[in-house]
Amino acid sequence: MNGLMGNALRLTVLIGESDVWHHRPLYTEIVHRAHQAGLAGASVFRGIEGFGASSLIHTQRLLSLSEDLPVAIVIVDTEEKIRDFLPRLDELVREGLVTLESCEVVRHAGRREAR
């Protein structure tokens, strides 16, 4: 999918790395649902340290050995498509943070196919 330009909405979902949906990482389920919904793209970023509503600090530092590092799933598309996708997150995200921010897309291009 190419051609997303101009005003858009950025959906960010912050969860724990150990969060699962039916024995599958929750971030994987969110990305696959975004793909099925035809959204422009989704990326998953693993944090090295953070805390959320529980106020427990999760860190990658060697002596702490946390198994629940923060994960951010970022999805950008038109406002209409992002808002249509939000109900799909309701059943998935029980703990975490979901935010929306207006953004401007200045380039959205896929790789060219090798010939």
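What does the chain average in pLDDT, and what share of the residues score at least 70? I looked this up before anything else. The average is 87, and 85% of the residues score at least 70. pLDDT is the predictor's confidence in each residue, from 0 to 100.

**Ground rules.** This is a predicted model, so I take local features only at pLDDT of at least 70 and side-chain atom pairs only at pLDDT 80 or more, while totals for chains, interfaces and linings use all residues. I number residues from 1 along each chain as its sequence is written, and side-chain values use heavy atoms, with hydrogens and water left out.

**Elements.** I count 2 helices and 8 strands. Helices (H or I, at least four residues) and strands (E, at least two) are DSSP runs, numbered from the N terminus. The order from the N terminus is β-β-β-α-β-β-β-β-α-β. Where pLDDT is low, the predicted coordinates should not be read in detail.

**Sheet.** I traced an open sheet of 4 strands, ordered E4-E7-E1-E8, with antiparallel pairing. Two strands pair if DSSP finds at least two bridges between them. Strand E4 (42–46) and strand E8 (97–105) are the edges, each pairing on one side only. Neighbouring strands are turned by 20 degrees against each other on average, direction ignored. E4 and E7 run antiparallel and are joined by 5 bridges. I picked out one partner: Ser 43 bridges to Val 74 in E7.

**Helices on the sheet.** H1 packs on the sheet and touches E1, E4 and E7. Its direction makes about 5 degrees with that of E7. H2 lies across E1, E7 and E8, at about 20 degrees to E1. Contact means heavy atoms within 4.5 Å. Axes are lines fitted to C-alpha atoms, for helices over the stretch in contact, and angles run from 0 to 180 degrees between N-to-C directions.

**Core.** Which residues touch the most other members of the largest nonpolar core? They are Val 13, Ile 30 and Ile 75, in a core of 17 residues. Such a core is a set of buried Ala, Val, Leu, Ile, Met, Phe, Trp, Tyr and Cys residues joined through side-chain atoms within 4.5 Å. Buried means under 20% relative accessible area, exposed over 50%, partly exposed in between (1.4 Å probe, protein chains only). E1 gives the largest share, 4 residues. I listed the contacts of Ile 30, leaving out residues up to four places away in sequence: Val 13, Ile 73, Ile 75, Phe 85, Leu 89, Leu 92 and Val 93. Apart from this core lies another of 5 residues, including Leu 4 and Val 105.

**Arg 33.** Beyond its neighbours within four places in sequence, Arg 33 is in contact with Trp 21, Phe 85, Arg 88, Glu 91 and Leu 92.

**Two histidines.** His 22 sits in the loop between strand E2 (20–21) and strand E3 (24–25). Its phi is positive, about 50 degrees, although it is not a glycine. His 23, found in the loop between E2 and E3, has a positive phi of about 65 degrees. Most residues other than glycine have a negative phi. His 22 is exposed at 64% relative accessible area, and His 23 is exposed at 81%.
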